Amino acid sequence: MESIHCNSFVKPNFSLNRTLHRRNLSVFDRRDAPSRRGRTFSAVRTSVTAASTEISTRNASIGNRNPKDAAIMTTGMERVGKSSAALEQLDIERGVCIPFRKYSPETVRSKVLESRGSVVSLASRGVEIVWSLGLYWSTLVYDFWVGRDEEVVPFRARQLRNLLCNLGPSFIKAGQVLANRPDIIREDYMNELCILQDDVPPFPNEVAFQIIEEELGQPLESLFSKISSETIAAASLGQVYRATLRATGEDVAIKVQRPQIEPIIYRDLFLFRTLASFLNGFSLQKLGCNAELIVDEFGEKLLEELDYTLEARNIEDFLENFKDDPTVKIPGVYKNLCGPRVLVMEWIDGIRCTDPQAIKDAGIDLNGFLTVGVSAALRQLLEFGLFHGDPHPGNIFAMQDGRIAYVDFGNVAVLSQQNKQILIDAVVHAVNEDYGEMANDFTRLGFLAKGTDVSPIVPALEAIWQNSAGKGLADFNFRSVTGQFNKLVYDFPIRIPERFSLVIRSLLTQEGICFTLKPDFKFLEVAYPYVAKRLLTDPNPALRERLIQVLFKDGNFQWKRLENLISLAKENVGQMSSNPALRVKRVESKLDLTDTIKDGARLFLLDEGIRRKLILALTEDSKLHVEELVDVYKLVEEEVDIPTLAMQVVQDLPNVFRDFVLSWSNSVLSDR
């Protein structure tokens, strides 16, 4: 890669507002800035109290005005409340509290209308959009009339992609979102729009370098000894350069936002929201989806991506989540060299995950690396609730030591604790073949509106799952399941929430990368062992409860299921241990079931219902099931240090006895 040495730069003097720059950088202080992922109860309570005071003052001021002015202001406030209903629905679905947000329809409206010439700008942009999309729509109608609509789909899909590129960054982002929304657009168009994810023309270097200097408040050559003369990557909102820090000699990646993009984004969001409000009644009635809600999800995510300080915080969160994981590499971020439009992070020297031969040549075991990748993805989804929303091949690398590395954290999604538990519930219900509860899980996750009759959906879910799982683990893949689910979307009033469209895209993209590296790779052969290990070893009470649900079916203990879980969990440990990163870190390659056995013993002593079921399981059909116990023991004997476990159980007996006495006394008192 050709580089420019910064000592040879010839550039004009740029006027810099250093005070503004310092204020922007202060956004990084987590103590001062509220996190996107919610705040503590006391902070929320304080903000709610302040908001209540403000509303009371506003209401009092309305009362002091003349009746006409008061009526106008009241009507305006009612309109604000009505337009915020979609955002409130989003918060309820997500199960998180976001007292401060970058996006709201009112914020977008005020930002757009406060500028000079806004009406003319909106009118001209509206005409451009309507003309371009209307012309494209007329070609689709013509194709339908002449009966060639199916045969020209590939051409029309390419035409749509080029059209969105010509309409600018908002439409490119909209195309990227549509590429993951099977509830809105058909699969052949989705595949074409996926090209928009990493194939966008860059903007000039001179403009990018000027933005860097304006944001960082220093000449480029004083910060970097060299910088690449060409962009490393270009996307809809920005582009990336490779550079070397003058102070330390470290290689870094500089992400620079496109110039003057914010006003364009706000203007387009205003037009999108206005159109959505106009079409919402039709979309609810005919398509079963809320157009305003879709635009609000899109707008909220887009404005978050525009602020690179938020991306820096995302990186810090990922660093914290994976700090004890020797198999995952997250780049460090240089907070003192970042602003809303510029992000400087550690340069990642890795191998692209689309080059299996290069990975093999580096001495990396493919099976071990793929296991690490799937486990890291599932940890993000089911353990942390914060996951990478755009894991395409350009954002995932294999390190020389076997670790998996992620870059580009502008597009991340958050799942609440409640959403994570419902996802685990769905897995348990799938294992138990409880399709009625699976349908209810869809409602709880926001795929179906509350009150929707799920009875017609249950047979369809059963057919999809049995058709996919019935082929066996070897032939199961997410793309086939998603394809069948896409058909379900058109038959029932299902809306895929934005965060779960990212989940689906994330899983599909990473499965696709796995297939590229190893064509016969079976995603579930890695995913199932991870889930089994998590169910068996995680001390979280909610997961302990799900483990009991898996092990008991119709009140009967499932010995074979327990054996399968242990075997799968041991398989996960074996798969992970083949990764060189774990060998270098000397991570113990054993399945630690000590805490699980201790918790099981405690539960047996304290829970009368579980105790009765286990005794029945051991004496079922009027015989002692010693053989099953022996089989289970053989599976765990190498994983458990029996003397140490016995000592820990004995040491814990006083606590168990105390809990037993309390439980017994409570039951006696409740009987009276």
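Eleven of the 14 residues of helix α14 are buried, so this helix is largely enclosed by the rest of the structure; buried here means under 20% relative accessible area, with exposed meaning over 50% and partly exposed lying in between (1.4 Å probe, protein chains only). Helices (H or I, at least four residues) and strands (E, at least two) are DSSP runs, numbered from the N terminus. The model is a predicted one, in which local features need pLDDT of at least 70 and side-chain atom pairs count only at pLDDT 80 or more, while totals for chains, interfaces and linings use all residues. Residues are numbered from 1 along each chain as its sequence is written, and side-chain values use heavy atoms, with hydrogens and water left out.

The buried residues of α14 include Leu310, Ile315 and Phe318, and among them are also Glu311, Arg313, Glu316 and Asp317. The expected span of a helix is 1.5 Å times one less than its number of residues, and for the 14 residues of α14 (residues 308-321) this gives 20 Å, which agrees with the 20 Å between its end C-alpha atoms.

From this helix we turn to the strands. Strand β5 (residues 251-257) is mostly covered, since six of its seven residues are buried. Two strands are said to pair if DSSP finds at least two bridges between them, and β5 pairs with strand β4 (residues 238-245) in the antiparallel sense over seven bridges, with Arg242 standing opposite Ala253 in β5. Five residues lie between β4 and β5 in the hairpin that they form, and in its turn Gly249 has a positive phi of about 80°. Strand β5 is also joined by five bridges to strand β7 (residues 342-346), and these two run antiparallel; the partner of Lys255 in β7 is Leu343.

Leu122 lies in helix α6 (residues 118-146) and, at 11% relative accessibility, counts as buried. Leaving aside neighbours within four places in sequence, Leu122 is in contact (heavy atoms within 4.5 Å) with Val112, Leu113, Arg267, Phe270 and Leu271.

Asp441 is placed in helix α18 (residues 435-445), and its 1% relative accessibility is why Asp441 counts as buried. With neighbours within four places in sequence again left aside, Asp441 is in contact with Ile422, Asp425, Ala426 and His429.
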